[in-house]
Amino acid sequence: MTERVALLVTHTGRKDSTDHARTVARDLIAAGFSVRVVAEEADDLDLSGVTPISGVCAAQGAEIVFALGGDGTLLRAAELARPEGAPLLGINLGKVGFLAEAEIADLDSAVRDVVAREYSVEERLTIDVTAELAGEVIAESWALNEVSVEKGSRERMLELLVDVDGRPLSRYGCDGVVCATPTGSTAYAFSAGGPVVWPRVEALLLVPISAHALFSRPLVTAPDSTIQITIDPYTEHALMSCDGRRVFALPPGAQVTVRRGALPVRVARLRPRPFTDRLVAKFGLPVEGWRAHGQRHATGH
């Protein structure tokens, strides 16, 4: 019988996170799994029977990657799961937790579903990004949520030219731009005024940040579009951030090219519910009001 392997990634800075991680690890080990933990987290977890592992190959051969924490923990886990194509299961221990599949109250049932292989897997579109200066590559990375190009100093605006599919679109004097996936539409792009896009939609988003331009609306492009952002040679230096985790300094004149990622992130779904319900729950959207009262009066209740 093939060994079943799980990788556990958690927010060890919080005691409740490490307690929950220990519970998950013990339950998986009891079910016959070989459980790996990120080596840097092993001392905090203080759990026998697990295998500390480090490096980009931590998820190699893993059946599933558990991420216990907030969206930051899940993004960290995604860095390990994506290269190996391992499904990623997020258990939300934070506040909003849009990326997580389950809440802490569902922890026990989530583990049982994984043990019984009662979950499906969906692929989330990612972004690949390359930064060049005078034809030389100076940075390469990827993102599940978004890539942002922002001014490096508070005092000055950033002057940017945006091209889409090889054609110039607009020049912006702005604080920056966000290029996001549908998964990331509820993250930084949302804060910058972008639209909420259902995760199963295949598209790329472009959202200017505080742009001083007549045309500064958020844009939704085709999933195979190429977006290029050129920093004016006479402007300030900029910063490129990928999921808020990988940050690169960009000199004036740099060109940033954003396109669909070659590798998706595979997300485990337990009991999928409509994205509409998730939006209502996470943002506390009002869905009851005069219509509900009217219906009660109409039916005599």
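1. In this predicted model, the side chains of Arg 246 and Glu 79 form a salt bridge, with a nitrogen-to-oxygen distance of 2.5 Å. The two partners come from distant parts of the chain, 167 residues apart: Arg 246 belongs to strand β18 (residues 246–250) and Glu 79 to helix α3 (residues 71–84). Arg 246 counts as buried because its relative accessibility is 16%, and the cut-off for buried is under 20%. Glu 79, at 24%, is partly exposed.

2. Behind such pairs is a general point: side chains of opposite charge can pair when their charged atoms come close. The count for this model is 17 salt bridges. The protein carries 31 positive and 39 negative side chains, and the centres of these two sets are 5 Å apart.

3. Asp 19 is partly exposed, with a relative accessibility of 29%, whereas Arg 22 is buried at 17%.

4. A further salt bridge joins Arg 156 to Glu 236, at 3.0 Å from N to O. Arg 156 is in the loop between β10 (146–151) and β11 (158–164), and Glu 236 is in the loop between β16 (227–231) and β17 (238–242), so this pair ties together parts of the chain that are 80 residues apart in sequence. Arg 156 is partly exposed, with a relative accessible area of 43%. Glu 236 is also partly exposed, with a value of 24%.

5. Some salt bridges share partners. In this way Glu 101, Glu 122, Arg 124, Arg 269 and Arg 278 are joined into one network.

6. Asp 224 lies in the loop between β15 (219–221) and β16. Is Asp 224 buried or exposed? Asp 224 has a relative accessible area of 66%, and since the exposed class begins over 50%, Asp 224 counts as exposed. In sequence, Asp 224 and Arg 260 are 36 residues apart, yet their C-alpha atoms are 6.2 Å apart in space.

7. The surface also has a nonpolar patch. Which residues make this patch of about 340 Å²? They are Phe 190, Phe 283, Leu 285 and Val 287. Phe 190 is part of helix α5 (residues 188–191). Its relative accessibility is 34%, so Phe 190 counts as partly exposed.

8. Of the 301 residues, 49% are buried. The C-alpha trace spans about 65 × 60 × 35 Å along its principal axes.

9. The secondary structure consists of seven helices and 20 strands. Among contacts between residues at least 6 apart in sequence, 67% join residues at least 24 apart. The pair Arg 246 and Glu 79, 167 residues apart, also links distant parts of the chain.

Key. Residues are numbered from 1 along each chain as its sequence is written. This is a predicted model: local features need pLDDT of at least 70, side-chain atom pairs count only at pLDDT 80 or more; totals for chains, interfaces and linings use all residues. Side-chain values use heavy atoms; hydrogens and water are left out. Helices (H or I, at least four residues) and strands (E, at least two) are DSSP runs, numbered from the N terminus. Buried means under 20% relative accessible area, exposed over 50%, partly exposed in between (1.4 Å probe, protein chains only). Contact means heavy atoms within 4.5 Å. Lys and Arg count as positive and Asp and Glu as negative; His and the chain ends are not counted. The place of a charge is taken as NZ of Lys, CZ of Arg, CG of Asp or CD of Glu. Patches are made of residues with over 30% relative accessible area and no salt bridge: like charges are joined within 9 Å, nonpolar side chains (Val, Leu, Ile, Met, Phe, Trp, Tyr) within 5 Å. Accessible areas come from the Shrake-Rupley method with a 1.4 Å probe; for residues, only the protein chains shown count as cover. A salt bridge is a side-chain nitrogen of Lys or Arg within 4 Å of a carboxyl oxygen of Asp or Glu.
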